[in-house]
Protein chains: 2
Amino acid sequence: MQVKDCLVSAPGKTILHGEHAVVHGKVALAVSLNLRTYLKLKASSNDKVCINLPNIDTFHCWDLSDLNPWNKLCTKDEAQRLDAELVRRLRDFVGFTNGNLNGNTACLTFLYIYLSVFASGELPALTITVWSELPTGAGLGSSAAYSVCLAAALLSAAGTIPTSLREWDQTARWCQEDLEHINSWAFQGETIIHGNPSGVDNAVGTWGGMLRFLAGKIIPLSRVPLLRILLTNTKVPRSTKALVARVKDKINKFPSIMNPVLDSVDAISYTCEKVLTCEPITGEDYSILEELIDINQHHLNVMGVGHPALDTVCRVTLAKGLHSKLTGAGGGGCGITLLRPETDSSVVQNTMQDLKDCGFDCWETNIGGPGVQQHSPSSVKEEILEILEQY
Amino acid sequence: MQVKDCLVSAPGKTILHGEHAVVHGKVALAVSLNLRTYLKLKASSNDKVCINLPNIDTFHCWDLSDLNPWNKLCTKDEAQRLDAELVRRLRDFVGFTNGNLNGNTACLTFLYIYLSVFASGELPALTITVWSELPTGAGLGSSAAYSVCLAAALLSAAGTIPTSLREWDQTARWCQEDLEHINSWAFQGETIIHGNPSGVDNAVGTWGGMLRFLAGKIIPLSRVPLLRILLTNTKVPRSTKALVARVKDKINKFPSIMNPVLDSVDAISYTCEKVLTCEPITGEDYSILEELIDINQHHLNVMGVGHPALDTVCRVTLAKGLHSKLTGAGGGGCGITLLRPETDSSVVQNTMQDLKDCGFDCWETNIGGPGVQQHSPSSVKEEILEILEQY
């Protein structure tokens, strides 16, 4: 079986408001982050299935003859619940021995989706190469973007969803039903990688834009504008689990003090959603967005998930008139800084330099952009295309 | 009439928790600040009444013969409501022309209390000298400490309250009834100086310790321990009126976000009061007090009354493991830093030096100490005694 080549990408995600509060029944706003993961799927003629993940130094090939027996074990499951037994067996097959845990998990995820999507048919020889602009392990949904790309590319290759890119298109997206299909497989990928994911990351990778997340329910919000931001990675390592526990402990210790703070964060998310879903966004709206960012950053500090490095991000950017907050678990990790449409590029460049001088990684990007999409090669930045073409 | 010499002092005040929130119906905790104002009253034999206020470069003498006619205008009023007409006339008498507004107001306040206290009797010749450790106009209750000292010394001199210091006493205080008398006259002094005072500052100056202030009611709290603190004056000027208005605007703009923050501040005050009124204070209690300080400082930033200089105070002290918040109106002004009983004096000295290196004034002092008291000369620091003896 010969598959059609394709090139897809999916965005990362970041939390605009409501991190931690969401654990306690409050709203969170998750937005797509336009640092994207790109996946190139190429038909191969050498009876091999290969995956190249240069970001994490992972390169694997399997002979089709070795994979064919596995195909018999997979059933095409439209309900798409994770087949835990298959995962367990594949884990043994991949062999988690060489210490590259992320690489092995990524291979396992690929094989699981590949085998499942082509179940009951002929396995195609193909090479998949993935390159991501996202730092890994920074709470930016890099694993979800990977799973979404895998699902989109493999479902397209299998003909389960159409290859909707026409000759004259730069990019193309899928219809709602196809996106649900992609999201569902991506969620299985996330489950393999994370065990018990919330589903937010893969939903953002699939639909893009902004999602309201409340009590386990994910509601995509329509007509959210693209917002310019700086994303800063302080590179301070942290444990999300420990931070979530710290917030919980503080709420238990000071319920009368902390519960109102969660209520206030909830109101911040609602206010932000209201501002962003009433286009056009005015200068006054931007002032409100900046105030909400400042207030929430203080609240996150009250919850005990701040960090001196994040304070530095806030201080350095505020010195340029820009407003920042941590995003995600906090305790280090990443911060986002809102830029206005009119913010001069020299201000942006100077701010980025100041942040880099602090030892941080910093990107100018935007939030609220499209979810998973297909690309014509000409719509992909040359340096990314070059990396993808190397394999 | 020959009066007995006396030496009295009254503390400043600072807000431990609840500044701004108190304007919106929440609790505030006001505490005495052991930077004190000292007043020496000395009988004089030259038929003059003199006041020396070296802190504000104000020195005035009046001939008794010029003051005697005023005495006829004063009625000894036990209900002690301010006689606005008398104030108006005295204002003309003092003559507010030389540009030293604080000095003139201080003289007016003195004359008002002096004439009222000795009303219907013979006016005594005396010299009053006041020296304060408190910076003026920094929201630390310096005017109230002045009024409290005036009231205590003049009421003692007039025999309205006893001169309770016995030969072998270092210091002495008055009974509850006498304190109420002092407080009532001090409140009139505050009214002359501020127009519409809350009454908190003079109550703290009179009773010392800690007071709960809620919806205009002032409740002294018993058995509050003395807490070591650093007081830092950033010397950034600010307008309390403008800051109060800013908070009100923010609440009106974002009620659903801001009202929970006020609720949280309220809970902070109650929690703090609970911790402080359950002696003995343990190490764990100090950790709680530190956490409350940190949380409230973030909340005050949310209200928009922070300032980069106050952030600096917090950062510099936190680098030494110490916790700080602004106190009072914010937007500059003063910050307090909690010290533990066991905090090493070298840590304190280093921290004070770091704060002074930032251009701030800094004092090691304590909060929760006694209110107005009488002193034997030997109980007053020599440098203060020297200043008072100069006049």
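The model is predicted.

## Interface of chain B and chain A

The size of an interface is often given as the accessible area lost when the parts come together. Here chain B and chain A bury about 1,800 Å² between them, and carbon and sulfur atoms make up 72% of that area. Three residues, B:Phe254, B:Ile257 and B:His298, provide 27% of the area that chain B buries against chain A, more than any other three residues. In terms of contacts, 22 residues of chain B touch 22 residues of chain A.

Between the two chains, 4 residue pairs are in polar contact, counting pairs with both residues at pLDDT 80 or more. On the side of chain B that touches chain A, at least two residues come from each of α7 (240-253), α8 (255-276) and α9 (283-302) of chain B. The largest share, 10 residues, belongs to α8(B). By residue class, this side of chain B consists of 11 nonpolar, 6 polar and 5 charged residues.

## Salt bridges

Over all chains, the structure contains 34 salt bridges. Across the interface of chain B and chain A there are 2.

In one salt bridge, B:Glu291 pairs with A:Lys253, and the closest N and O atoms are 2.5 Å apart. In another, the side chains of B:Lys253 and A:Glu291 meet at an N to O distance of 2.4 Å. This pair runs between chains, from helix α7 of chain B, which holds B:Lys253, to helix α9 (residues 283-302) of chain A, which holds A:Glu291.

## Aromatic pairs

The count of aromatic pairs over all chains is 10. Ring pairs also join A:Trp62, A:Phe110, A:Tyr114 and A:Phe118 into a cluster.

Key. Residues numbered from 1 in each chain as written. Chains lettered and ligands numbered in written order. Predicted model: local features only at pLDDT ≥ 70, side-chain atom pairs only at ≥ 80, totals over all residues. Heavy atoms only, no water. Phe/Tyr/Trp six-rings, centres within 6.5 Å; stacked < 30°, edge-to-face > 60°. Contact = heavy atoms within 4.5 Å. Buried area = accessible area lost by both parts, 1.4 Å probe. Salt bridge = Lys/Arg side-chain N within 4 Å of Asp/Glu carboxyl O. Polar contact = N/O pair within 3.5 Å; in protein donor to acceptor, adjacent residues only side chain to side chain. Helix = DSSP H or I, 4+ residues; strand = E, 2+ residues; numbered from the N terminus. Nonpolar A, V, L, I, M, F, W, Y, C, P; charged D, E, K, R; others polar.
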